Amino acid sequence: MTRQSRTSPAGSERSLHQAYDTALLDLDGVVYAGGEAIAHAAESLAAARDAGMHLAYVTNNALRTPEAVAEHLGELGIPTEAGEVITSAQAVARLISEQVEPGSKVLVIGGEGLRVALRERGLVPVDSADEEGLAAVVQGYGGPDLPWSRFAEASYAIHRGVPWFASNTDLTIPGARGIGPGNGAAVEVVRIATGAEPQVAGKPLPPMHRETVLRTGARRPLVVGDRLDTDIEGAFNGEVDSLLVLTGVTDGAQLLRAEPAHRPTYVDRDLRGLLTGQPEVVAAGEGFRCGGWTAVAAQELELRGEGEPLDGLRALCAAAWTQAGEGSCALDGGKALARIGL
């Protein structure tokens, strides 16, 4: 589908793992949550891999190295090589390396993932704004214990005119105890202190998509994610198809209100959706039909019929997105979603 024509979820007669050569998978909310594998994730990914689909794990979290992420996935029953993990640290390191001389010093506000990625690109990570010849400042998620003094160090360098880069600007990050502040919140601290704007590499921006394609060699990639504003928008910006799974932060109400850049190509409950085709949504009189459901945009979003709940959601998406056009649907879909338990 083209970016302009995405007014409803798409159908696919072929199973998605056969229609696409590479799955570009988000981690938190898609593969695992709170450190534990999400139901059906390990077996679905194993089946897709065994059938010939290449799997790549794409994360905006710049804290952990690819080796650490791969080790964690292996512990969850998902055998993974470090080369199959792509991080925003790698994307921002490439972005910096294209603008500074080889061997340049880069002030690191973050964790080991950033340091490893910078060294991979021939750059030298340092800890002080007072380093002679400092070429850049890079900021990435450093964990919940990153001291306030690191933000001050970034501010000192940026006030002196040193270029500022950020791995990503996700405001929140999920954890075992709930939702905590992410790198975007930390970036805001430095932005307020300096009045500067960083160059950002992570999803949904093009540097992350470019890094992923360069490292995987994907020709027919499918982005798989749970967030509309990073995963799905990143696929939109990269002009590739996407699968939204409902195992993470996005719920039915948010999906119905999605603006064009946040509308996925496909919607499914979890990663089992990789192994199946996708039902077609068709115009039906004044509404849209999928399976046994018909959705209509009237005074509110209405849903008629019965059948598989996800088919009802797909029909509702078509009605809502068509009604909204290039904007966001303002019609209430609460009653319709309640009918299908979503």
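Student: Which strands form the open sheet, in what order do they stand, and is the pairing parallel or antiparallel?

Tutor: Happy to! A word on the model first: it is predicted, so local features need pLDDT of at least 70 and side-chain atom pairs count only at pLDDT 80 or more, while totals for chains, interfaces and linings use all residues. Residues are numbered from 1 along each chain as its sequence is written, and side-chain values use heavy atoms, with hydrogens and water left out.

The open sheet has 5 strands in the order β7-β6-β8-β9-β12, and their pairing is parallel. Helices (H or I, at least four residues) and strands (E, at least two) are DSSP runs numbered from the N terminus, and two strands pair if DSSP finds at least two bridges between them. At the edges stand β7 (124-126) and β12 (199-200); each has a single partner strand, so one side of each is left without a neighbour in the sheet.

Helix α7 (residues 183-194) lies across β8 and β9, at about 160° to β9. For these angles, axes are lines fitted to C-alpha atoms, for helices over the stretch in contact, and the angles run from 0 to 180 degrees between N-to-C directions.

Buried means under 20% relative accessible area, exposed over 50%, and partly exposed in between (1.4 Å probe, protein chains only). Helix α4 (residues 88-97) is largely enclosed by the rest of the structure, because 9 of its 10 residues are buried; among them are Gln 90, Arg 94 and Leu 95. In helix α5 (residues 112-120) you will find Val 116, which counts as partly exposed at 30% relative accessibility.

Elsewhere, the largest nonpolar core has 31 residues, and Leu 25, Tyr 57 and Val 224 are among those with the most contacts inside it. Such a core is a set of buried Ala, Val, Leu, Ile, Met, Phe, Trp, Tyr and Cys residues joined through side-chain atoms within 4.5 Å. Elements giving two or more residues to this core include α1, β1 (22-25), α2 (41-50) and β4 (54-59), and α2 gives the most, with 4 residues. Tyr 57 touches Leu 25, Val 31 and Leu 45, among others, not counting residues up to four places away in sequence. A second, separate core of 28 residues includes Leu 244, Leu 256, Leu 310 and Ala 318.

Finally, the cysteines. The structure holds 0 disulfides, a disulfide being a pair of cysteine sulfur atoms within 2.5 Å. For Cys 317, the nearest cysteine sulfur is that of Cys 290, 9.8 Å away. Cys 329 is in no disulfide either, with the sulfur of Cys 317 as its nearest, at 10 Å. Cys 317 is buried at a relative accessible area of 0%, and Cys 329 counts as buried at 3%.

Technical notes. Contact means heavy atoms within 4.5 Å.
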